[in-house]
Amino acid sequence: MTLLIWLVLDITGSPFRVALVGFFGMAPLLLFGAVGGVLVDRVDRRRLLIAMQILNLAAGVVMVTLLLSGTVQYWHTYLVVFASGLGWAFDMPSRRSMVLDLIGRARVTNAMALDSMGMHASRMAGPALAGGFIAAVGVTGGYYAMIALYALSIAFLTPLKLPARTPVSGSVSFSRNLMDGFAYVRTDRIILATVIITVLMNLLMFPYMQMVPVIARDTIGVGPGLIGILMGADGLGAIIGSAFIASARRIRHHGRVYLVGSLIALTMLILFAASRWFAVSLPVLVLLGLGTAGFGTMQSTIVVIAAREEMRGRTLGVISLAIGAGPIGALMVGAVAEATTPATAVTIFATVGLITVGAVGWLMAEIRGPIAQPSERVQVDSPVPAVQRT
């Protein structure tokens with residue numbers, strides 16, 4: 001996404017049009033996130049994941065073709081990033097459901113932390129490498145590297161073997177499966193709190209990522225190379241935080257890690273928006289990444305641990321839908337940034353996020369306690385029957 005953000009910024013110079021990159025990249029999660037969760041429970045998860053990587057590869061090839069032909073326009077980036085976002089909407093629930101299939105419940109927290117480490121490593125290295133490619137060989141060179149990485153991921157996934165499982169019965173309608181997922185989330189206070197905080201973080205905090213290049217260029221006064229380092233700094237912090245979680249022998253209060261990590265990230269974002277110096281902004285973003293490690297690792301871990309096995313994919317689909325609040329936030333932040341400044345917009349949204357996330361953590365006390373096994377908890381007024389199986 002760093003490549004596309006820089007391309008739009010270079011062509012248009014508009015913070016709002018830059019924010020639209022984030023909007024179109026995250027919109028598929030809002031539109032199809034819950035649908036992806038239903039598919040995960042009904043189809044072969046490995047094949048679904050491979051199909052999404054092929055879609056990402058195709059989007060990269062289209063972008064390279066436009067760049068080489070010299071016909072690229074800023075709005076082309078929105079179509080390409082939407083296709084990549086569509087892959088992500090189905091990738092997230094399938095990949096994280098597979099983690100429990102492969103590892104088992106006893107080590108799932110450590111496995112999720114390792115999964116997050118991989119994601120954050122790409123967040124750290126990706127923007128820094130993208131900045132280097134932009135400075136050295138342009139956006140086109142960066143896309144060559146991206147295509148090679150997508151092809152490599154397909155090669156790694158193809159021989160993967162998963163334990164046999166019985167999918168949800170096809171006799172139950174797709175729409176019924178979808179509605180059951182929402183009903184199940186509503187009756188479980190721990191999962192519901194997790195979903196609400198996910199919505200707030202993606203609506204009010206994570207759109208900052210599209211504003212980092214604008215703030216770095218216009219306020220801090222650095223070029224593409226240092227912009228890439230700034231965009232990767234939170235990834236470094238997230239790797240450190242995820243490594244700490246992965247090495248923990250036992251974590252009882254997953255929700256506390258999730259909540260505190262969210263509050264730390266929002267606080268650091270306010271400090272970043274106030275900074276005018278690269279030497280200050282860099283460590284602040286690293287600390288922000290430490291907070292997002294707690295948020296990102298525990299977000300899916302809580303759902304995987306708390307949800308019934310037959311509802312796991314659909315519940316992760318609801319989480320994907322909650323992540324889909326991101327494009328709405330990107331539009332809102334972009335509009336406010338256009339009317340004021342990017343730093344002002346980020347400050348306003350992060351402050352509102354700090355207040356609202358803290359309120360959810362206070363009012364929904366279940367998120368702060370230990371998470372019992374699904375069989376040991378009672379869903380209040382649950383309308384969701386046991387799911388039929390083939």
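Predicted model: local features only at pLDDT ≥ 70, side-chain atom pairs only at ≥ 80, totals over all residues.
Local features require pLDDT of at least 70 and side-chain atom pairs pLDDT 80 or more, whereas totals for chains, interfaces and linings use all residues. Residues are numbered from 1 along each chain, and side-chain values use heavy atoms, with hydrogens and water left out.

Helices are DSSP runs (H or I, at least four residues) numbered from the N terminus. The axes of helix H14 (residues 325-339) and helix H15 (residues 342-363) come within 7 Å and cross at roughly 135°, the axes being lines fitted to C-alpha atoms over the stretch in contact, with angles from 0 to 180 degrees between N-to-C directions. In the contact (heavy atoms within 4.5 Å), Met332, Val333, Val336 and Ala337 of H14 meet Pro342, Ala345, Ile348 and Phe349 of H15.

Across the whole structure, 4 aromatic pairs are found (ring centres within 6.5 Å; planes under 30 degrees apart stacked, over 60 edge-to-face, the rest tilted). The rings of Tyr74 and Tyr78 pair edge-to-face, with centres 5.9 Å apart and planes at 80°. Both residues lie in helix H4 (residues 74-103), 4 residues apart, and are thus separated by about one helical turn. Tyr74 is partly exposed at 23% relative accessibility, whereas Tyr78 is buried at 7% (buried, under 20%; exposed, over 50%; partly exposed, in between; 1.4 Å probe, protein chains only). Ring pairs link Phe24, Tyr74 and Tyr78 into a cluster.

How values were computed: Helix = DSSP H or I, 4+ residues; strand = E, 2+ residues; numbered from the N terminus. Phe/Tyr/Trp six-rings, centres within 6.5 Å; stacked < 30°, edge-to-face > 60°.
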